[in-house]
Amino acid sequence: MGKSSVFDMIGPVMIGPSSSHTAGVVRIARAAIRLLGAVPEEAIITFYNSFARTYEGHGSDKAILGGLLDLKTDDPGIKESFELAKKKGLHYTFKSIGNASIYHPNTIKLNLKVGEKKIEVIGESLGGGVINIAEVDGFNANFSAQLHTLIIKADDVSGAIAFISSVIAQEKTNIATMSVSRKGKNDLACHVIEMDSGIRSITIEYLKSLPWIKEMIYIPDIDL
């Protein structure tokens, strides 16, 4: 038998020296492209702290590109992600910052672009393939991408939280977590809502149609 590689797999979970450096990294990227709404044309990928020192040796570079191409954690194509990125026209740059005390030890920042749309996502790989999307475009987010998630950017209007909650309640889905981050009083706010089950497209379109809601993204379970 040959020697096991970083990208050997057991069942649905990719493993290597550390799932934090492989499966978790793929999931951060898959969450990020759903926030962007597409596979990016350009990506600036910044590895922090532990990742900055180990991303090449542990295969995190291949894992992040694989995730940006929407490959799942168990896809054997991840080991060929450099070649796949070239074929898909994904232009990428790797950066590393070794001592950033404000960040979790396993942190990645993704600056992604497709057409005129840009997004910045900061993700943390927590171990065992579990992730936390810590920030989206400078807003605190803190969601796992393992539940059905709504990210709503809206004007900071009175009653917004109660109204959004009441609409979701009509779907008979349970809200698992909800957080709101805003730039300042009466400024743009970002609502992040994790739900136990999904909601209908008609409800999503209704919320999008409200004049005080500026942008809305729905992300089902990241592994779907």
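Is Trp212 buried or exposed? With a relative accessible area of 18%, Trp212 is buried (buried means under 20%, exposed over 50% and partly exposed in between, using a 1.4 Å probe and protein chains only). The model here is a predicted one, so to speak of local features takes a pLDDT of at least 70, side-chain atom pairs count only at pLDDT 80 or more, and totals for chains, interfaces and linings use all residues. Residues are numbered from 1 along each chain as its sequence is written, and side-chain values use heavy atoms, with hydrogens and water left out.

Now for the overall picture. The chain has six helices and twelve strands (DSSP runs numbered from the N terminus: H or I with at least four residues for helices, E with at least two for strands). Of its 224 residues, 47% are buried. The C-alpha trace spans about 60 × 35 × 30 Å along its principal axes.

Next come the rings. The structure holds nine aromatic pairs (rings of Phe, Tyr and Trp, the last by its six-membered ring, with centres within 6.5 Å; planes under 30 degrees apart are stacked, over 60 edge-to-face, and the rest tilted). One of them joins Phe82 and Tyr92, a tilted pair with 6.2 Å centre to centre and 50 degrees between the planes. This pair links distant parts of the chain, ten residues apart: Phe82 sits in helix H4 (residues 81–88) and Tyr92 in strand S4 (residues 91–97). Phe82 counts as partly exposed because its relative accessibility is 26%, and Tyr92 does so at 29%. Trp212 has a ring partner too: its centre is 6.0 Å from that of Phe163 and the planes meet at 70 degrees, so this pair is edge-to-face. Phe163 belongs to helix H5 (residues 160–169) and Trp212 to the loop between helix H6 (201–209) and strand S12 (213–219), so the pair ties together parts 49 residues apart in sequence. Phe163 is partly exposed, at 30% relative accessibility. Ring pairs also link Phe47, Phe51, Tyr55, Phe82, Tyr92 and Phe94 into a cluster.

Finally, there is Thr173, found in the loop between H5 and strand S10 (175–182). Thr173 is buried, as its relative accessible area is 9%. Its side chain makes a polar contact of 2.8 Å with the side chain of Ser197 (N or O atoms within 3.5 Å; within protein, one must be able to donate a hydrogen and the other to accept it, and residues adjacent in sequence count only if both atoms are side-chain atoms).
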